Amino acid sequence: MTIRVFIAEPADAPRFATLHDDVFDGPVDPGLLDRYLAADHLQIALATDGDLIIGMCSGVIHHHPDKPDHWWINELGVAAPWRRQGIATRLVAASVDEARHRACREIWVVADPTEMAEGFWQSLGWTRTGDRLAMFSREL
């Protein structure tokens, strides 16, 4: 097993043709993928085993008028056959490195308050800063 972890660029779009079904919530739309990879404030770290994408960590760089840039990890996923092998840790590390490279001052994630999620993020040295998770949305 040779796992490679890297930040995807627009030229990496063809790689998404060989994607394990368990990485994203649904099929990747080529038009949305191209738009995502072209946006400078959107980033995605990929993990590949050979040509197969087996994991990802997507993020958003937030720009504010009153504080330095920060990075929000939106989603983290590793296909089941590759879990518990340190791949998620490597994906997060790639995102942290890219956030530093882009002069972000903070990186954060909102995770379900489960033992597994808390254990993972705390094992990376991250600090829990909230007590509850509440998500609100509205269809437009």
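1. Basis of the values. The model is predicted, and local features need pLDDT of at least 70, side-chain atom pairs count only at pLDDT 80 or more, and totals for chains, interfaces and linings use all residues. Residues are numbered from 1 along each chain as its sequence is written, and side-chain values use heavy atoms, with hydrogens and water left out.

2. The largest pocket. Rolling a probe the size of a water molecule over the atoms shows where empty space is left. On a 1 Å grid over the protein atoms alone, a pocket is an open set of points where a 1.4 Å probe fits, with protein on both sides within 12 Å along at least five of seven lines, whereas a cavity is a set from which the probe cannot get out; lining residues have an atom within 4 Å of a point. The largest pocket holds about 870 Å³ of space, where a volume is the space filled by probe spheres set on the grid points, which are joined across faces, edges and corners. Its lining has 29 residues, and L76, G77, A88, M116 and F120 lie nearest the centre.

3. What lines the largest pocket. Two or more residues of this lining come from each of β4 (70-78), α2 (87-101) and α3 (115-123), where helices (H or I, at least four residues) and strands (E, at least two) are DSSP runs numbered from the N terminus. The strand β4 gives the most, with six residues. By class, the lining of the largest pocket has 17 nonpolar, six polar and six charged residues; here Ala, Val, Leu, Ile, Met, Phe, Trp, Tyr, Cys and Pro count as nonpolar, Asp, Glu, Lys and Arg as charged, and the others, Gly among them, as polar.

4. The second largest pocket. With a volume of about 570 Å³, the second largest pocket is lined by 21 residues, of which V109, T127, R128, T129 and G130 lie nearest its centre. Both β5 (106-109) and α3 supply at least two residues of this lining, which divides into eleven nonpolar, four polar and six charged residues.

5. Aromatic pairs. A pair of aromatic rings is described by the distance of the centres and the angle of the planes. Rings of Phe, Tyr and Trp (its six-membered ring) pair if their centres lie within 6.5 Å, and planes under 30 degrees apart count as stacked, over 60 as edge-to-face and the rest as tilted. The structure holds four such pairs. The rings of F16 and F24 are tilted because their planes stand at 45 degrees, with the centres 6.3 Å apart, and both F16 and F24 are buried (buried means under 20% relative accessible area, exposed over 50% and partly exposed in between, with a 1.4 Å probe and protein chains only).

6. W72 and W108 form a stacked pair, 5.8 Å centre to centre and with 25 degrees between the planes. This pair links distant parts of the chain, since W72 is in strand β4 and W108 in strand β5, 36 residues apart. W72 is partly exposed at a relative accessible area of 24%, and W108 is partly exposed at 28%. Elsewhere, F120, W121 and W126 form one aromatic cluster.

7. T48 is in strand β2 (residues 42-49), and its 2% relative accessibility counts as buried. Leaving out residues up to four places away in sequence, T48 touches T2, I3, R4, F6, I53 and I54, where contact means heavy atoms within 4.5 Å.

8. A charge over a ring. The charged end of R4 sits over the ring of F6, 4.1 Å from its centre; for this, NZ of Lys or CZ of Arg must be within 6 Å of the ring centre and within 35 degrees of the ring normal.

9. Loop residues. P27, in the loop between β1 (3-7) and α1 (30-38), is exposed at 84% relative accessibility. Most residues other than glycine have a negative phi. R84, however, has a positive phi of about 65 degrees although it is not a glycine; R84 is found in the loop between β4 and α2 and is exposed at 82% relative accessibility. A103, in the loop between α2 and β5, also has a positive phi, near 65 degrees.
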